[in-house]
Amino acid sequence: MKDEYKKLACLFWIAFFFLAKSTLSAQTFAKDSIDQLLNAKSSGIERIQFLNNIAETLSDKNTELAFQYANLALTESEKNKAPKEKGIALNNLAWIKYRKGDFTAAFEYSTKALKWNDSIQNLPALAASFRCMASVYNSQGNTNKSIELFLKDLSLHTQLNDQKSIGRALNNLSFTFFRGKMMDSALYYTNKALVFNLQLKDDYLIAFAYRNAGDLSEARKLLDSAKYYFNLSVQYAVKIKSIQLQLTALYRIGRLLNSEFKYNESIPILEKALQLGNLMGAKSETALIYNLLATAYEGIGDYKEAYLVQKKFSQLNDSLYQERSRSKLAEMQAKFEAEKKQSEINQLKKEKEQEIENNQKKTILNFSLMITMLVVIVLLINIWRKNKYKTATNLLLQSQKEELEETLLLKDKVFSIVSHDLRSPIASLNAVLPMLDPDSLDHETYHQLKLNLTKQVQNLNYVLDNLLIWSRSRMKGVETPELKEINLYKQASISLGLLKGLADQKEITIQNQINTGVSIKADPQHFDIIIRNILLNAIKFTHEKGQINLFSKIENDQLAICIEDNGVGMNPEQINRLFQLKTHFTTPGTQKEKGTGLGLLICAEYAAANNWEIKVESQIGKGTIFTIILAKTNK
């Protein structure tokens with residue numbers, strides 16, 4: 001009880017200093033004042049507890065300042081041999097890194113925190129470790145793992161009868177089921193969390209619950225309800241001075257207004273959210289807000305401002321991509337799974353040993369004749385369990401080996417593309433550009449160099465485009481198709497227009513013979529990606545003055561789109577190696593064009609996501625036909 005009073009006193013002083021002045025000046029004043037209070041703490045444990053409370057309070061207001069105090073708490077807890085405070089400090093560091101969008105560091109601190117709190121059996125801190133670990137998995141799109149850990153968090157806090165943490169766990173489950181598109185479960189936990197937290201009268205948890213309710217309403221196309229809930233979330237977040245909840249609710253309102261083309265209303269809201277995101281140091285949310293602002297400025301015709309914010313989005317998004325390195329996270333995940341499995345085995349052994357001891361005492365006291373039988377049964381069960389764990393461990397190791405092999409293959413592929421297919425043309429451009437002086441070259445040479453450079457830049461652009469699409473699908477998976485009614489002739493014409501210049505360089509004729517009356521429900525972006533990459537492949541392997549035809553047909557009661565060229569063709573062995581990451585290959589085109597080989601891999605992934613099938617027919621010297629068999633949704 002004494003510790004609780006100390007914590008309340010600490011939180012009171014922090015809140016007082018943050019209310020003293022506005023925004024930036026207030027935080028500078030608060031840091032100086034908090035440091036004065038900190039220097040007055042003489043006791044080692046009391047000082048560490050004060051540092052942990054500060055870090056927790058600042059985690060959704062100023063992540064840079066919060067990290068400084070949490071890191072100091074960890075250092076001093078190790079120096080003073082304070083195990084409980086060390087576990088809390090590790091949890092705070094993990095949560096702060098998560099708030100910043102540094103998920104790799106968040107995962108590493110969460111792993112350390114979980115292992116440490118489990119070793120000292122500090123159940124409240126262990127539950128907090130599960131919560132942070134679940135949040136990191138959720139950010140990476142691993143919904144099932146996230147739900148498993150959030151349920152453990154809820155179970156532990158229910159045992160501890162921690163009402164506030166129960167409300168938080170219900171909110172987290174609501175958010176996670178929604179992200180996983182499990183709408184029935186999301187609706188159940190959203191309603192349960194809202195009712196529970198309103199009864200609890202915790203403003204932070206109420207703000208979180210209203211934001212979840214807004215997300216669910218938006219997904220169900222109830223836009224007025226979504227705005228209502230998001231605005232309620234903002235009101236409660238302002239009331240408790242939670243910067244994180246304010247900015248996440250505000251950018252959601254801006255996103256809704258963008259979807260309704262109310263750009264003049266969305267811009268000031270998104271600018272406010274951007275200010276809060278920069279203040280808090282939340283990189284992921286800030287990148288998202290930049291992207292929404294770019295759309296809004298473009299919508300009102302302010303293309304200069306749209307370009308500037310889109311550029312900032314690209315820079316920040318690239319930085320986040322490096323921080324979320326898949327190979328690093330996969331390596332740590334494998335390490336964590338192995339340690340977690342061993343911890344569970346040790347815990348089961350402890351429980352079993354305790355059960356044996358209790359049974360032996362009970363048997364000695366009451367049933368002396370049953371001792372031998374019970375020992376035999378226990379031994380048999382123990383042997384069975386060991387065999388079961390051994391089998392499970394072997395299966396886990398095999399699965400991890402396969403995942404690691406695939407990760408290494410992906411890494412080698414990326415390095416190969418960056419080092420060869422991107423570096424070579426860029427180096428070539430760098431060497432030729434200084435020579436491109438119209439005053440020192442005759443007109444014909446200058447014109448030829450210009451055409452060659454244009455062709456190289458176009459090829460480099462398509463390589464970069466495919467690399468970005470492929471990398472995004474590796475990191476997040478192919479997005480769920482957004483079905484719209486599209487006319488296949490018009491949609492294919494878009495890709496033909498983009499590639500016309502490339503075809504004209506080789507004097508290749510492309511004819512769009514798709515039936516103009518054929519429409520389907522499909523994701524237009526996915527359709528464009530597949531058509532564009534197959535057309536690029538056809539242009540690459542078709543001789544000068546060649547012919548490429550697009551046409552539609554009905555095959556086995558299903559609509560199909562065919563792309564036929566009269567190029568160099570392929571043998572059966574080459575056809576069998578297409579669309580496979582481990583066996584895929586790339587060969588120079590008819591004019592020695594280079595490529596990464598990613599185009600057809602991307603086509604296969606997006607076709608599978610849309611339940612489509614790609615067939616290939618080809619003969620050496622006679623050309624190739626790619627047939628895209630669409631799902632049975634044609635009219």
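In this predicted model, the axes of helix α7 (residues 123–139) and helix α9 come within 11 Å and cross at roughly 15°. Because angles under 35 degrees count as roughly parallel, this crossing makes α7 roughly parallel to α9. The crossing of these two helices is left-handed. On the side of α7, the contact is made by Arg131, Asn138 and Ser139, and on the side of α9 by Arg168, Asn172, Phe175, Thr176 and Arg179. Sorted by class, the contact of α7 with α9 has four polar residues, three charged residues and one nonpolar residue.

Rolling a probe the size of a water molecule over the atoms shows where empty space is left. A search of the whole structure finds one cavity of 30 Å³ or more, and the largest cavity has a volume of about 30 Å³. Which residues line the largest cavity? They are Ser174, Phe175, Phe178, Thr190, Asn212, Asp215 and Leu216. Two helices, α9 (163–179) and α11 (203–219), each supply at least two residues of this lining. By class, the lining has three nonpolar, three polar and one charged residues.

The axes of helix α3 (residues 44–58) and helix α4 (residues 63–79) come within 8 Å, crossing at roughly 155°. Since angles over 145 degrees count as roughly antiparallel, this angle makes α3 roughly antiparallel to α4. The crossing in which α3 passes α4 is left-handed. From α3, the residues that make the contact are Arg47, Ile48, Leu51, Asn52, Ile54, Ala55 and Leu58; from α4, they are Thr63, Leu65, Ala66, Tyr69, Ala70, Leu72, Ala73, Glu76 and Ser77. What classes do the residues of this contact divide into? The contact of α3 with α4 has eleven nonpolar, three polar and two charged residues.

A further pair is formed by helix α21 (residues 524–540) and helix α23 (residues 598–609), whose axes come within 9 Å and cross at roughly 150°. That angle makes α21 roughly antiparallel to α23. The crossing of α21 and α23 is left-handed. Helix α21 contributes His526, Ile529, Ile530, Asn533, Ile534 and Asn537 to the contact, while helix α23 contributes Gly599, Leu600, Ile602, Cys603, Tyr606 and Ala607.

In review, α7 is roughly parallel to α9, whereas α3 is roughly antiparallel to α4 and α21 is roughly antiparallel to α23.

Terms used:
Residues are numbered from 1 along each chain as its sequence is written. This is a predicted model: local features need pLDDT of at least 70, side-chain atom pairs count only at pLDDT 80 or more; totals for chains, interfaces and linings use all residues. Side-chain values use heavy atoms; hydrogens and water are left out. Axes are lines fitted to C-alpha atoms, for helices over the stretch in contact, and angles run from 0 to 180 degrees between N-to-C directions. Helices (H or I, at least four residues) and strands (E, at least two) are DSSP runs, numbered from the N terminus. Angles under 35 degrees count as roughly parallel, over 145 as roughly antiparallel, 65 to 115 as roughly perpendicular and the rest as oblique. A crossing is left-handed if the near helix is turned anticlockwise from the far one by less than a right angle, and right-handed if clockwise. Contact means heavy atoms within 4.5 Å. On a 1 Å grid over the protein atoms alone, a cavity is a set of points where a 1.4 Å probe fits but cannot get out, and a pocket is an open set with protein on both sides within 12 Å along at least five of seven lines; lining residues have an atom within 4 Å of a point. Grid points are joined across faces, edges and corners, and a volume is the space filled by probe spheres set on the points. Ala, Val, Leu, Ile, Met, Phe, Trp, Tyr, Cys and Pro count as nonpolar, Asp, Glu, Lys and Arg as charged, and the others, Gly among them, as polar.
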